[in-house]
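Please read these notes with the model open beside you. Each point takes up one part of the chain.

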Amino acid sequence: MNRISIILVLLLSGIVACNNVADKRKLNIYGNPQVVEKTVDGKIVYDTVDHTVGYFRLFNQDSTVITPKDLEGKVYVADFFFTSCISICPEMSKQMLRVHDQFKDRDSLQLVSFSIDPDYDTVAVLKNYSERLGVTSDKWHFLTGDEDEIYSLAFNSYLTERPADDPEDENNILHSGAFILIDTKKRIRGVYDGTVPDQVDILMKDINNLLNEENEGNS
């Protein structure tokens, strides 16, 4: 191998190494930590804990009750949508389907879509919607139930915000298009625009990073 070939090999190796480092970026933990009171050896101590998503009890497209217990030990991506939406939701579903197809053989990843119009999005409607996408509830839960519970989850657990371009539209209150990455400890580890393919590309890289992080933590 001549000198020029060696230099080219070294340059290419460096590029690959840089890309691998970039792909393995450390993920943040979102939300404000809380100080909690604990009793240890009879003494009151204070500890700081990360923000975590809260409890819910909702029905999926198969009429099965789903709670956080059903997601224990799983990394998952959550979003908020409604089936009758004709603006950003079709693109969100298209992009989430990309995530589904990329990780359909990874049992450690789940997808969870909360309907923000549960009065219309009954179990039957969600079942039809999931069938048209060609997905099943063992990989992707479409959830419906009490509207107040879903809205409380969106604001208080998943930290969803009003879209900046339409802050006064109450019907658009959760319509931000966010895909939210949750780890096995129920912490938010990333937020992405689910209407932008490049953002979803980053999400899929981060999912791989998080799955690897979880595997390393369990080894």
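1. Start with Arg 98. This residue is partly exposed, at 29% relative accessibility. The model is a predicted one. The side chain of Arg 98 meets that of Asp 201 in a salt bridge, 2.5 Å from N to O. Arg 98 belongs to helix 2 and Asp 201 to helix 5 (residues 197–218), so the bridge ties together parts that are 103 residues apart in sequence. Asp 201 counts as partly exposed too, with 30% relative accessibility.

2. How many salt bridges are there? The count comes to 6. Another one joins the side chains of Arg 187 and Asp 50, at 3.4 Å from N to O. Arg 187 sits in the loop between strand 8 and strand 9, and Asp 50 in the loop between strand 2 (43–49) and strand 3, so this pair ties together parts that are 137 residues apart in sequence. Look at the accessibility of each partner. Arg 187 counts as buried at 13%. Asp 50 is partly exposed at 35%.

3. Next comes the pair Arg 189 and Asp 183. Their closest N and O atoms are 3.1 Å apart, in a salt bridge. Both residues are buried. Now put the charged residues together. Asp 50, Asp 183, Arg 187, Arg 189 and Glu 213 are linked in a network of salt bridges.

4. Turn to the aromatic rings. The structure holds 8 aromatic pairs. In one of them, the ring centres of Phe 114 and Tyr 158 are 5.4 Å apart and the planes stand at 55°, so the pair is tilted. Phe 114 is in strand 6 (residues 109–115). Tyr 158 is in the loop between helix 4 (147–157) and strand 8 (178–182). The pair links distant parts of the chain, 44 residues apart. Phe 114 and Tyr 158 are both buried. They also belong to one aromatic cluster, together with Phe 56 and Phe 80.

5. A second aromatic pair is worth checking. For Tyr 129 and Phe 142, the ring centres lie 5.6 Å apart and the planes are at 80°, so this pair is edge-to-face. Tyr 129 is in helix 3 (residues 123–133) and Phe 142 in strand 7 (residues 140–143), so the pair ties together parts that are 13 residues apart in sequence. Both residues are buried.

6. Stay with helix 3. Which of its residues are buried? They are Leu 126, Tyr 129 and Ser 130. Seen down the helix axis, these buried residues fall within an arc of 95°, so they line one face of helix 3. Ala 124, Glu 131 and Arg 132 are exposed on the other side. The cover over the buried residues includes strand 5 (75–81), helix 2 (89–102) and strand 7. After helix 3 comes Gly 134, with a positive phi near 80°.

7. Two other residues call for a look at phi. Most residues other than glycine have a negative phi. Ser 63 has a positive phi, near 65°. Ser 63 lies in the loop between strand 3 (58–59) and strand 4, and is partly exposed at 47% relative accessible area. Lys 186 has a positive phi as well, near 70°. Lys 186 is in the loop between strand 8 and strand 9 (188–193). At 35% relative accessibility, Lys 186 counts as partly exposed.

8. Thr 67 is a loop residue, placed between strand 4 (65–66) and strand 5. Is Thr 67 buried or exposed? Thr 67 is buried, with a relative accessible area of 13%. Which residues does Thr 67 contact, leaving aside its neighbours within four places in sequence? They are Tyr 55, Phe 56 and Arg 57. Phe 56 has come up already, as a member of the aromatic cluster.

9. Finish at the surface. Tyr 30, Leu 159 and Val 191 form a nonpolar patch there. Together they have about 220 Å² of accessible area. Leu 159 lies in the loop between helix 4 and strand 8. Leu 159 is partly exposed, with a relative accessible area of 35%.

Terms used: Residues numbered from 1 in each chain as written. Heavy atoms only, no water. Phe/Tyr/Trp six-rings, centres within 6.5 Å; stacked < 30°, edge-to-face > 60°. Helix = DSSP H or I, 4+ residues; strand = E, 2+ residues; numbered from the N terminus. Buried < 20%, exposed > 50% of the residue type's maximum accessible area, 1.4 Å probe, protein only. Arc of directions from axis to C-beta. Contact = heavy atoms within 4.5 Å. Patch = residues over 30% accessible without salt bridge, like charges linked within 9 Å, V, L, I, M, F, W, Y side chains within 5 Å. Areas by Shrake-Rupley, 256 points an atom, 1.4 Å probe, with all protein chains shown as cover. Salt bridge = Lys/Arg side-chain N within 4 Å of Asp/Glu carboxyl O.
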